[in-house]
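Please look over the chain shown below before reading on.

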Amino acid sequence: MAGRTVRVQGFPAELPPDRAADKLTIHFLRSRNGGGDIAEVRVLPGSPPCALITFEAPEVAQRILKVKNHVLAIGRTRYPLEVTLHAAELSPDEVLRG
C-alpha cells in the first residue's frame with residue numbers, strides 16, 4: 001500500500017464519518033481533481049478528523065498530491081482540503097481506536 005495512500009484533512013468535523021467518506025470518495029474519484037479508482041476510504045476520529053484514502057494505483061495518489069487546491073463543496077460551503085502523502089501503515093492501536 002506504500003505510495004498509494006493520502007491523508008486528507010479540512011473537512012467538517014460535524015459531518016458523520018459515513019457521509020464524509022462518501023463526499024471524499026466522490027471528490028477523489030473525479031479525473032478533474034486528479035483522481036481515479038479508490039481501494040479504500042477510512043475516516044479517522046479526532047480533532048480535527050482526517051481520512052486515509054488508498055488508491056488502486058500509486059500514480060493516482062501522485063496526481064492527487066500535485067493538485068494544489070482541493071476544495072470539498074458541501075451544499076453552499078466550500079472546505080479547502082489539506083492532502084499529504086500517508087507514508088506509514090496504520091498500527092494495530094490506531095485501527096482499534098475507531
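## Surface, fold and pocket

The accessible surface of the chain comes to about 6000 Å², and carbon and sulfur atoms hold 51% of that area; such areas come from the Shrake-Rupley method with a 1.4 Å probe, and for residues only the protein chains shown count as cover. This is a predicted model, in which local features need pLDDT of at least 70 and side-chain atom pairs count only at pLDDT 80 or more, while totals for chains, interfaces and linings use all residues. Residues are numbered from 1 along each chain as its sequence is written, and side-chain values use heavy atoms, with hydrogens and water left out.

The chain has three helices and five strands, which follow one another from the N terminus as β-α-β-β-α-β-β-α; helices (H or I, at least four residues) and strands (E, at least two) are DSSP runs, numbered from the N terminus. Of the 98 residues in the chain, 38% are buried, where buried means under 20% relative accessible area, with a 1.4 Å probe and protein chains only. Among contacts (heavy atoms within 4.5 Å) with a separation of 6 or more, 63% join residues 24 or more positions apart.

Helix 2, residues 58-66, has Val 60, Ala 61 and Ile 64 buried. Seen down the axis of helix 2, these buried residues fall within an arc of 100 degrees, so they line one face of the helix; the arc is that of the directions from the helix axis to the C-beta atoms. The elements against which the buried residues of helix 2 pack are tabulated here.

| Element | Residues |
|---|---|
| Strand 1 | 5-9 |
| Helix 1 | 17-29 |
| Strand 3 | 50-55 |
| Strand 4 | 70-74 |
| Strand 5 | 77-85 |

Ala 20 is found in helix 1 and counts as buried because its relative accessibility is 1%. Leaving aside residues up to four places away in sequence, Ala 20 touches Phe 11, Leu 15 and Val 43. The C-alpha atoms of Ala 20 and Arg 42, which lie 22 residues apart along the chain, are separated by 9.5 Å.

The lining of the largest pocket includes Lys 23, His 27, Arg 32, Leu 72 and Arg 78, and a pocket here is an open set of points on a 1 Å grid over the protein atoms alone, with protein on both sides within 12 Å along at least five of seven lines, lining residues having an atom within 4 Å of a point. Helix 1 and strand 4 are the elements that give two or more residues to that lining.

How values were computed
Buried < 20%, exposed > 50% of the residue type's maximum accessible area, 1.4 Å probe, protein only. 1 Å grid on protein atoms, 1.4 Å probe; cavity = no way out; pocket = protein on both sides within 12 Å on 5 of 7 lines; lining within 4 Å.
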